[in-house]
Amino acid sequence: MSQKFSEGKDYKVLAVCITQFNEQRQEELLKELIRQGKERHYKIMIFSSLCDFYEYNIDQIGEEQIYYAFDPARFDAVIIFSELFKIIDIPKKIALRAKHVGVPVISVGGLIEGCLNLNVKSGVAFTDIVRHVVEHHHVKRINFIAGLKNEFNSEERLKAFRKVMEENHLEVDEDRI
């Protein structure tokens with residue numbers, strides 16, 4: 001078994017897997033994570049690609065390797081920002097490697113079996129938005145873009161949309177989704 005980076009130290013070391021670390025949202029998120037980590041005696045190692053794997057091509061196959069180049073056994077936990085990966089198999093593979101060596105995994109924004117899954121209840125806020133459009137602006141025919149099929153947050157938004165339409169006795173035109 002590999003020696004943990006934190007062995008004999010007064011801090012823990014976390015591996016953070018994220019995509020597009022150079023994007024503003026991710027940059028802000030990482031800065032806050034590092035700031036909070038310092039306050040709580042955690043060191044953060046970031047593993048990131050420049051892409052989100054939306055277009056899975058030969059370049060992105062190479063970028064994916066960054067997530068398999070580290071040994072999860074050397075870390076106290078692995079945090080995966082799953083919602084940022086457009087191919088859910090990548091976070092699942094990262095999690096499987098970590099779980100295999102007994103390292104806890106936290107998945108943020110996506111559901112991965114056997115992990116601690118942290119998800120924002122985007123469906124609640126989205127319900128309020130759709131309700132406002134339907135009830136306040138009296139819109140009856142809506143074109144709806146949820147996001148990626150089978151992605152947790154997209155599915156939550158779609159459920160919220162369908163719920164509000166049903167509550168208001170409005171037909172959902174499947175061709176407009």
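Phenylalanine 75 has a relative accessibility of 1% and counts as buried (under 20% relative accessible area, with exposed over 50% and partly exposed in between, for a 1.4 Å probe and protein chains only). The model is predicted: local features need pLDDT of at least 70, side-chain atom pairs count only at pLDDT 80 or more, and totals for chains, interfaces and linings use all residues. Residues are numbered from 1 along each chain as its sequence is written, and side-chain values use heavy atoms, with hydrogens and water left out.

Nine aromatic pairs occur in the structure. Rings of Phe, Tyr and Trp (its six-membered ring) pair if their centres lie within 6.5 Å; planes under 30 degrees apart are stacked, over 60 edge-to-face and the rest tilted. Phenylalanine 5 and phenylalanine 75 pair edge-to-face, at 5.2 Å centre to centre and 65 degrees between the planes. Phenylalanine 5 lies in the segment before β1 (12–19) and phenylalanine 75 in the loop between α2 (58–64) and β3 (77–80), so this pair ties together parts 70 residues apart in sequence. Here helices (H or I, at least four residues) and strands (E, at least two) are DSSP runs, numbered from the N terminus. Phenylalanine 5 is partly exposed, at 27% relative accessible area.

Phenylalanine 47 also forms an edge-to-face pair with phenylalanine 75, at 6.0 Å centre to centre and 85 degrees between the planes. Because phenylalanine 47 lies in strand β2 (residues 42–49) and phenylalanine 75 in the loop between α2 and β3, the pair ties together parts 28 residues apart in sequence. Both phenylalanine 47 and phenylalanine 75 are buried. Ring pairs link Phe5, Phe47, Phe70 and Phe75 into a cluster.
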